[in-house]
Amino acid sequence: NVTKREGGISGLNIALNIKNRSNKRIENIELREIVPEIIGVEKDVSIGALKPMKMLRHERKGSIVKWEISSLEVGEERVLSYRAKAKLPILGELSLPAAAARFKCNNKEIKAHSNRLVVSS
């Protein structure tokens with residue numbers, strides 16, 4: 001969901017859908033999303049969404065938002081969402097990097113990445 005003001009992007013509602021598509025339970029899931037410096041992450045969380053465990057500021061990368069999920073059963077799905085607000089209206093195109101997830105399945109650590117998000121005003 002994109003909010004526009006003065007002809008540019010002023011805010012975003014971002015939702016990440018996590019689903020266990022394997023035929024085994026996965027454990028110790030750590031999801032990390034990097035938000036560019038031009039966008040600030042709001043601390044309030046919508047009702048029903050899992051609250052981030054950590055929200056860190058990185059000097060060059062921007063904000064790092066982390067979630068931790070203890071386990072997901074076969075076919076189980078979770079929705080993680082947060083609100084981001086632009087410091088200035090963004091004209092043109094905004095690109096968010098892919099979210100990264102780490103989890104354990106059969107005592108192996110596996111990494112997965114989401115799609116990149118590209119929004120234009």
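Predicted model: local features only at pLDDT ≥ 70, side-chain atom pairs only at ≥ 80, totals over all residues.
The pocket itself has a volume of about 640 Å³, and 28 residues line it, with Asn 17, Ile 18, Ala 112, His 113 and Ser 114 lying nearest its centre. Besides β2 (8–19), the strands β3 (26–35), β9 (100–105) and β10 (108–113) each supply at least two residues of that lining. Sorted by class, the lining consists of 18 nonpolar, six polar and four charged residues.

Strand β2 also belongs to an open sheet of four strands, which runs in the order β1-β2-β7-β4 with antiparallel pairing. Because β1 (2–5) and β4 (39–41) stand at the edges and have a single partner strand each, one side of each is left without a neighbour in the sheet. On average, and ignoring direction, neighbouring strands of this sheet are turned by 20° against each other. Within the sheet, β2 pairs with β7 (residues 77–90) in the antiparallel sense over 10 bridges, and Ile 14 has Tyr 82 in β7 as its bridge partner.

Leu 72 counts as buried because its relative accessibility is 0%, where the cut-off for buried is under 20%. Beyond its neighbours within four places in sequence, Leu 72 is in contact with Ile 18, Asn 20, Arg 25, Ile 26, Ile 29 and Arg 78. One of these, Ile 29, is 43 residues away from Leu 72 along the chain, while their C-alpha atoms are separated by 8.4 Å.

How values were computed: Residues numbered from 1 in each chain as written. Heavy atoms only, no water. 1 Å grid on protein atoms, 1.4 Å probe; cavity = no way out; pocket = protein on both sides within 12 Å on 5 of 7 lines; lining within 4 Å. Points joined across faces, edges and corners; volume = space filled by probe spheres on them. Nonpolar A, V, L, I, M, F, W, Y, C, P; charged D, E, K, R; others polar. Buried < 20%, exposed > 50% of the residue type's maximum accessible area, 1.4 Å probe, protein only. Contact = heavy atoms within 4.5 Å. Pairing = 2+ DSSP bridges. Axes fitted to C-alpha atoms, helices over the stretch in contact; angles between N-to-C directions.
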